[in-house]
Amino acid sequence: MSEFAFQILLTLDATLRLATPLIFCALAGLFSERSGIIDISLEGKLLGSAFAAGAVASVTGSVYMGLLAAVGVSISMSLVHGFACITHRGNQIISGLAVNILASGLTVTLGIALFQRGGQTPTLGPNERFQPIELPFADALAQAPLLGPVYDELVSGHKLLVYLAFIAVPLAALVLTRTRFGLRLRAVGESPEAVDSAGVSVPWLRYRAVIVAGILCGIAGAYLSTAHGAGFIREMSAGKGYIALAAMIFGKWRPWSALFACLLFGFLEAASSRLIGVEFPIIGEAPTNLMLVLPYIMTVVLLAGFFGRAEAPSALGTPYVKEH
Amino acid sequence: MSSVPPLPRWADVGLLPIINLVIALLVSGLVVLAVGENPLRAIDIMLQGAFLYEGSLGYTLYYTTNFIFTGLAVSVAFHALLFNIGGEGQAYIGGLGAGLVCLALDAVLPGLVLIPLAIVAAAAFGAGWALAPAWLQAYRGSHVVITTIMFNFIAAGVMVSLLAGPLIKPGQSSPTSRRFSENAQIPDMQEILGAVGIEIARSPLNLSFVLAIAACVFVWLLIWHTRFGYAVRTLGHSPQAAAYAGIRIPRTIIAAMAVSGGLAGLMAVNEVLGVQHRLLLNFTAGYGFTGIAVSLMGRNHPIGIVLASLLFGALYQGGSELDLEFQTITRDMLLVIQGLIILFSGALAYMLNPPLARLIASLAHRPREAPA
Amino acid sequence: MEMEEERADQSEAAEASADVNADANANAGGGDASPPAVELRRINKRFGAVQANRDIDLAVDRGSITGIIGENGAGKSTLVSILYGFYTADSGEIRIDGTPIRMAGSADAIEHGIGMVHQHFMLVPTMSVLENAMLGREGGPRLAEGERSTRARMAEVSAAYGLEIDPDALVGELPVGLQQRVEILKTLLRGARILILDEPTGVLTPQEADRLFEILEILKRDGVTILLITHKLREIMAATDAVYVMRRGEMVARRRTRETSQEELARLMVGRDVLFAVGGEPGEPGAPILAVESLGHADERGAPRLTDIRFELRSGEILGLAGVAGNGQSELLDVLSGIAPPQSGRIDFAGRTFTPASPANPSLLRDMGLAHIPEDRQQRGLVLPFTASESSILGYHAGAEAGGGIFLALAAIRERCGLLMERYDVRPPDPGLRCGGFSGGNQQKMVVARELSAAPKALLVGQPTRGVDIGAIEFIHSQLIEIRDAGCAILLVSVELDEIMSLSDRILVMNAGRIVGEAARGEADADRIGLMMAGVGEPAAAA
């Protein structure tokens, strides 16, 4: 296998790892927004749950306790957002912003109080982290031509949550299209009065949607601190929640398209980190910083309606008020 | 809903915001308690740190300057019912504008020409950065919230690229421009007051503070005393009435966002021309986001914004004392307080409206019923 | 004069309530032992300051088609929304088959066999017909089983009632007639035995409407009880067994359909048929100032709202535009005032011609001397959070009234507003008060003051006295006459027929987006105009 092909393989491998938290968060945003609740608090939930996972895994010594804590913290942050937006019909943007800023402050404040390490958690040991899973025959097949290395490098050797992310996408699609919850969820984001008139509670439906969003963000957060990294460091979400939001919009609020967008944005990140300092014939040094911004630019261009219209759920952002 | 009486204006403007702020501070106190410290002692240290230590007032006012600009920026857009959360990016790019003028011309122009030019550039670049989201909102219907978030990140990418590339000071590795020459630096308050015989302690407070106050007057005049402000407020209260009145809605959206972006850009005057005297990464440090909290608390009015900016200025300056005094609480506590203020003064602003309105209504009715 | 009018009003109300009582007694005394399928007793509902329903009683016989007729805003939709559990009544009782029931939400209504076809369809446009039909009764957490059974049931019901539809079609892509069919199917699939239809033909073509009434007949034969809400007399006469009339939140009469007439219903629905003349002397029309030629306008979805509108408006005359609400009057005002563009035809005003290619805009028209008292004073005519002083320059903020420069001359505006408030009897005359705090009548007087003080050449007026007390009505009417006598041309749009008849020098009648008739002052006859409004009169040649 040529060096170039091997580099590509490594980049794709990194793409999968970098796309994983984006996929969970994008799906979380999708559930929330398809129900009509704008969710810019993906970033905060990601950060909060990353901290919870790191801290609890470190204290209990169990990665799964960490995952559980991450999901719990993320759900409770969702509920704060829901309480403001659903129960009190507050502004969804302001509420999301509050959750994000709170997460920034609380993670570090609590981190310092618990571990006295400037907001970081201690480096996690093997039992406190997710370990790579070698798929069967990976070693044996590694020598096989072409598909061998692909199987060994790209498909095998990831952590549990990476595989879970790729299972979550068809699962989310299935829930949306093939279940009662999914049907009502799609309906409530488009036309809450239709749901109400069918005798279904709009608030409870939306609460369930933001709880699902909480669960998914929680897994993403646990991935950051206990699978991708080896502990929590301050601001470790680093805008990934917003990238996921962009990916979800770029995917037009649909699971498979969102997956595609996450992979694309993950690839851009993976590629840019590999290209730092690499010189190209005409353009000179690779513009890696601009590559990292590309997801945002592409999303704006999409929103402008220049390639196909991205139609948001029509009730998105509007609190449901029955009586005037 | 129909049974809730309307809240009297004094309670809506005065009482409710104060109650919300108190709740936010109480919850912050609980967080301090939770990490094992004494909230009262924290308040004491912050108050001393913000106002009493030598030079601390100057620092407080220096932070206040930033918040006035970003708070005003949010408020102007808000009067047109636009939520500009791109202040951070607009300030960042505004700094680029000021910086480019200084880097290009500080060798040839005297300060009296150069600094005003740089100030104009800061406003123009900030306004320019707001234009694309504004245009997309006005003519393509793309939500300005999402596009301004995206533009914050794009601004960060642009600045990193420029500061690591063309603008980097030759011969160093950290992404920072060269220092501007003396004539591009806005004078410190200490120097100016010293010149007229008033001695104050050294602090980053500079003449930009005066510019911030001027910006308040400007916004007050613009919004409440001009035709343009009238159009903006009409649009913000009722797009239907705006259409009836013949106000050109897309044009008004774009103009309001441009003013908003320009004000955000001016924040860079304080940081870049007043304090840092060079371009560097992340000089906006989240002040653009804090502007949202400031505007919410200040109810989008310049006087309210000055008061809220003072509060946040004091929190920031007092908060930095926390680092020194406590093992467990640091200035990150500020973000907690800020988040709680946005939550209770913003997202949950009207949570207490119904009970408060009922309480006031029942108090108001009681005396009248008594004689009957 | 004013006294007499009030007395007339009172006696009318007394008569109406006597009607209802007599009917209720007849019902109670009748030998029919089975209780009504639906009975409402003393229902009250208030939205803020508006009493939408006041002490409403209603009884609907099983297996009948009962109509509720009334003007837009009479409280019909609120009433049926209460019956469907969408709103909660402030007080009153709902009985189904004689049993009082607790109505906490639409789920309760559905459980009691009530189905509703809303005026604005409760459909999810991005989902298929089948998915819409399943919503709320999916038959389990997984859809597959429910889909199969719903599909089968749908085929059955469709065949039984002639409601054929493709279950896999996307609802948003169906024509409105078929969307309504989905709504009806939905209620039947949920097992509705009582079907409420709120203004079902408002969006239908005449052919679609005829088809709907055939379907309702089939349902009735099958024992379904139907409550039909409409403001169209023709439908009531054609389809119902009994009819209730609502006006301003109250139930004013009940009739057996075969014992009443369109004329009587029109009179009950619109209000007094007593004519009162504030007009005094007729105007002396001068030269035409506004001419409209084959004007057409379609809404955002492309449905035509105005078709081939043509008329002339002369200086010094009041041209009344009569019609039941929702027949294109609002759209006509929007187009004439420059808020909405015309799609065809031309408008000549004060020597300039406006066409779809060169449309007008409100500012330009104002500058040229066209004032506009809009139909909706709260959303358009005023900005409620503004002070009276600020609202007094709405639309004129670029003009001399506001100072004429970049800055607003606030002191002068305030002073002028104070004078206007005195002159137009706005109470309290305080320019610093917020518009939202004034009563409806005083809000309207502020709008009238602003628009009349601009000394316009022509004036568009929409519903000038809707929700306004008697004193303010008198005042506003006299102001309109005064400015007409000063030579202003006035186009008066109102759903109050007596207002049109008492003020206008000429009357045009609109129906379904067209001008269907004209009458001159003096030869105007309420019955004839009422029939034209209902779309049943002989279409007279348009002016």
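**Loops, a covered helix and an interface**

Gln463(C) is found in the loop between strand E17 (458-462) and helix H16 (470-485) of chain C. Helices (H or I, at least four residues) and strands (E, at least two) are DSSP runs, numbered from the N terminus. This is a predicted model, in which local features need pLDDT of at least 70 and side-chain atom pairs count only at pLDDT 80 or more, while totals for chains, interfaces and linings use all residues. Residues are numbered from 1 along each chain as its sequence is written, and chains are lettered from A and ligands numbered from 1 in the order in which they are written.

The phi of Gln463(C) is near 40°, a positive value in a residue other than glycine. Most residues other than glycine have a negative phi, and most peptide bonds are trans. Gln463(C) counts as buried because 24 other C-beta atoms lie within 10 Å. The burial classes used here are buried for 20 or more other C-beta atoms within 10 Å of a residue's own, exposed for 12 or fewer, and partly exposed in between, with C-beta atoms placed from the backbone. Trp253(A) sits in the loop between helix H11 (240-250) and helix H12 (255-275) of chain A. Trp253(A) is buried, because 22 other C-beta atoms lie within 10 Å.

Chain C also contains a cis peptide bond, which joins Arg427(C) and Pro428(C) with an omega of about -10°. Pro428(C) belongs to the loop between helix H14 (410-423) and helix H15 (440-453) of chain C.

The domain assignment of chain C, with bounds from an automatic or database domain assignment, gives domain 1 (2-113 + 193-270), domain 2 (121-191), domain 3 (278-369 + 459-543) and domain 4 (381-455). Taken over C-alpha atoms, the centres of domain 2 and domain 4 of chain C are separated by 52 Å.

The average pLDDT (the predictor's confidence in each residue, from 0 to 100) is 85 for chain C, and 87% of the residues score at least 70. Over residues 1-31 of chain C the pLDDT stays under 50, and the model has 19 contacts beyond four places in sequence for them. A contact is a pair of residues whose C-beta atoms, placed from the backbone, lie within 7 Å. Residues 538-543 of chain C also have a pLDDT below 50, with 11 contacts in the model beyond near neighbours in sequence. Where pLDDT is low, the predicted coordinates should not be read in detail. For the complex, the predictor gives an ipTM of 0.91 and a pTM of 0.85.

In chain A, helix H8 (residues 180-190) is mostly covered, with 10 of its 11 residues buried. Among them are Leu183(A), Leu185(A) and Val188(A), along with Arg180(A), Arg184(A), Arg186(A) and Glu190(A). The cover of these buried residues draws on two chains: it includes helix H1 (3-34), helix H7 (160-178), helix H9 (192-197) and helix H10 (202-228) of chain A, together with helix H4 (129-134) and helix H5 (143-161) of chain C.

Tyr64(A) lies in helix H3 (residues 63-87) of chain A. Tyr64(A) counts as partly exposed because it has 16 C-beta neighbours inside 10 Å. The C-alpha atom of Tyr64(A) is 35 Å from that of Leu294(A), 230 residues apart along the chain.

Chains A and B meet through 37 residues of chain A in contact with 42 residues of chain B. On the side of chain A that touches chain B, helix H4 (92-115), H11 and helix H13 (288-303) of chain A each supply at least two residues. H4(A) gives the largest share of that side, 15 residues. By class, that side has 25 nonpolar, 11 polar and one charged residues. Here Ala, Val, Leu, Ile, Met, Phe, Trp, Tyr, Cys and Pro count as nonpolar, Asp, Glu, Lys and Arg as charged, and the others, Gly among them, as polar.

Chain B has 15 helices and zero strands. Its radius of gyration is 22 Å, which agrees with the value near 21 Å that a compact globule of 372 residues would have. That radius is taken over C-alpha atoms, and the globule rule is 2.2 Å times the number of residues to the power 0.38. The C-alpha atoms of chain B fill a box of roughly 85 × 55 × 40 Å along the principal axes. Of its 372 residues, 55% count as buried. Among contacts in chain B with a separation of 6 or more, 76% are between residues 24 or more positions apart. Asn282(B), in the loop between helix H11 (249-276) and helix H12 (287-297) of chain B, counts as exposed because it has 11 C-beta neighbours inside 10 Å. The C-alpha atoms of Asn282(B) and Thr176(B) are separated by 11 Å, at 106 residues apart along the chain.
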